[in-house]
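Please read it beside the sequence and the structure shown here.

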Amino acid sequence: MATSPAPASTAFKLPAGPWIGFAAVLALFTALIGIKGDLGTFLSLGNLRVLLHEGTIPAVVALGMLLVLISGGIDLSIGATVALVTVVTMRVYTAMYTASDPSPTSSVVACVCGVLTGGLVGFVNGLLVTKLQLPPFVATLGMLGIARGAAVWLAGRATLPFPLNGTPEWVNTVGRVSLTNPGLWSLVALALLTVVLLRLTVFGRHLFAVGSSEPTARLCGVNVARTKVLVYTLAGLLTGWAGVIMFAHSNSGNPTLGEQLELDVITAVVIGGASLSGGKGGVVGAMLGVAILILIKNGVSLYNVPVEMQYVLIGALLVANVSLNRWRERKNRA
């Protein structure tokens, strides 16, 4: 039976809220830092490189969170999963590394194991949601604790460093603040692939259909359970890749990394126009949401204001953006 999902153009729709929020935050800190006399630093190419570097990991994770939110789910385990991936990657690399023969094989295998670890966590999340029919909030909250505990156990309650003189060159390259950073360009490639997935594939249309109305999607012939398992697995693989980038940025396997990452990413994607009830969201909006959060953190740091102001601004922006979207929806229905 033919499906009747949300139109493919939904994936490419640019909500007004994220653009207004980004412009407002940029104007606010341009004015405040300009008064302070450090405007040149804020608007410099060097600061842009820092913003892109700091935004790469949450942006990669946000792509996966976007898919999950569109399907009507949520994933609270991503921060712990990123930490687990860094530990697994370091454990595998250390086990395979030999100073006498420092071949790239150990790095490749370690990175693959890290990404697959993220995919496995996502796959289990999908099974918990579909087979056990647990609410996504409960399933992924439980997985948060499991992944964090596994990371601490595998790391032996310590931060795992590289072997002496055993840091591979690619780690230094990915960890470097630069516009040619491979991690940054991997984000660009993944963002484009996500646009194609949502805009041009049957799976993307099924995703919007499931998030809009599961009963209707089933009547239209969509395999809802399979779609949900696949979307959580994809989100897990993206989180796994973000964990590999975090592994390079931190130069270690650290079981404490990623705390509060899930809240930041959910906030960013919702600010970007995604709906917590599903069926709505786009890649550009999600990337704008991440940019807004990173810009706020950077501006607060440069302006030397108390860190709590960062949380106030993010919270106020989230409420204002969601309120604006609701107002626009009511106006369109009128």
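Contact means heavy atoms within 4.5 Å. With that cut-off, and leaving aside neighbours within four places in sequence, Asn-47 is in contact with Thr-41, Phe-42, Asn-298 and Leu-302. The model is a predicted one, and the points below are grouped by topic.

**Packing of α4 against α5**

- Helix α4, residues 78–96, packs on helix α5, residues 105–130, at an angle of about 150°, and the two axes are 8 Å apart. Since angles over 145 degrees count as roughly antiparallel, α4 is therefore roughly antiparallel to α5.
- The crossing in which α4 passes α5 is right-handed.
- On the α4 side the contact is made by Thr-81, Leu-84, Val-85, Val-88, Thr-89, Val-92, Tyr-93 and Met-96. On the α5 side it is made by Thr-105, Ser-106, Ser-107, Val-109, Ala-110, Cys-111, Cys-113, Gly-114, Thr-117, Gly-118 and Val-121.
- Sorted by class, the contact of α4 with α5 has 11 nonpolar and 8 polar residues, and no charged residues.

**Packing of α5 against α6**

- Helix α6 spans residues 136–154 and packs with α5 at an angle of about 145°, with axes 9 Å apart.
- Here too the crossing is described by its hand: α5 passes α6 in a right-handed crossing.
- From α5, the residues Val-121, Val-124, Asn-125, Leu-128 and Val-129 meet Pro-136, Ala-139, Thr-140 and Met-143 of α6. By class, this contact of α5 with α6 has 7 nonpolar residues, 2 polar residues and no charged residues.

**Aromatic pairs**

- The count of aromatic pairs in the model comes to 3. One of them joins Tyr-93 and Phe-162 in an edge-to-face arrangement, with 5.5 Å from centre to centre and 85° between the planes.
- Tyr-93 lies in helix α4 while Phe-162 lies in the loop between α6 and α7 (169–175), so this pair ties together parts that are 69 residues apart in sequence.
- Both partners are buried, Tyr-93 at 4% relative accessibility and Phe-162 with a relative accessible area of 11%.
- Ring pairs also link Tyr-93 and Phe-162 with Trp-170 and Phe-247 into a cluster.

**Asn-47 and Asn-298**

- Asn-47 belongs to helix α3, residues 45–70, and Asn-298 to helix α13, residues 283–303.
- Asn-47 is buried, with a relative accessible area of 8%, and Asn-298 counts as buried at 7% relative accessibility.
- Not counting residues up to four places away in sequence, Asn-298 touches Phe-42, Asn-47, Val-50 and Leu-51; Phe-42 is also among the contacts of Asn-47.
- Asn-298 and Val-171, by C-alpha to C-alpha distance, are 24 Å apart in space and 127 residues apart in sequence.

**Leu-207**

- Leu-207 is found in helix α9, residues 202–212, and with 0% relative accessibility Leu-207 counts as buried.
- When residues up to four places away in sequence are not counted, Leu-207 touches Leu-67, Ile-70, Ser-71, Leu-198, Thr-227 and Val-231.
- Along the chain, Leu-207 and Lys-228 are 21 residues apart, and their C-alpha atoms are separated by 8.2 Å.

**Positive phi outside glycine**

- Gln-133 is not a glycine, although its phi is positive, at about 55°. This residue lies in the loop between α5 and α6 and is exposed, with a relative accessible area of 66%.
- Gln-260, another residue other than glycine, has a positive phi near 70°. Gln-260 is placed in the loop between α11 (224–250) and α12 (261–271), where it is partly exposed, with a relative accessible area of 46%.

Note on methods
Residues are numbered from 1 along each chain as its sequence is written. This is a predicted model: local features need pLDDT of at least 70, side-chain atom pairs count only at pLDDT 80 or more; totals for chains, interfaces and linings use all residues. Side-chain values use heavy atoms; hydrogens and water are left out. Axes are lines fitted to C-alpha atoms, for helices over the stretch in contact, and angles run from 0 to 180 degrees between N-to-C directions. Helices (H or I, at least four residues) and strands (E, at least two) are DSSP runs, numbered from the N terminus. Angles under 35 degrees count as roughly parallel, over 145 as roughly antiparallel, 65 to 115 as roughly perpendicular and the rest as oblique. A crossing is left-handed if the near helix is turned anticlockwise from the far one by less than a right angle, and right-handed if clockwise. Ala, Val, Leu, Ile, Met, Phe, Trp, Tyr, Cys and Pro count as nonpolar, Asp, Glu, Lys and Arg as charged, and the others, Gly among them, as polar. Rings of Phe, Tyr and Trp (its six-membered ring) pair if their centres lie within 6.5 Å; planes under 30 degrees apart count as stacked, over 60 as edge-to-face and the rest as tilted. Buried means under 20% relative accessible area, exposed over 50%, partly exposed in between (1.4 Å probe, protein chains only).
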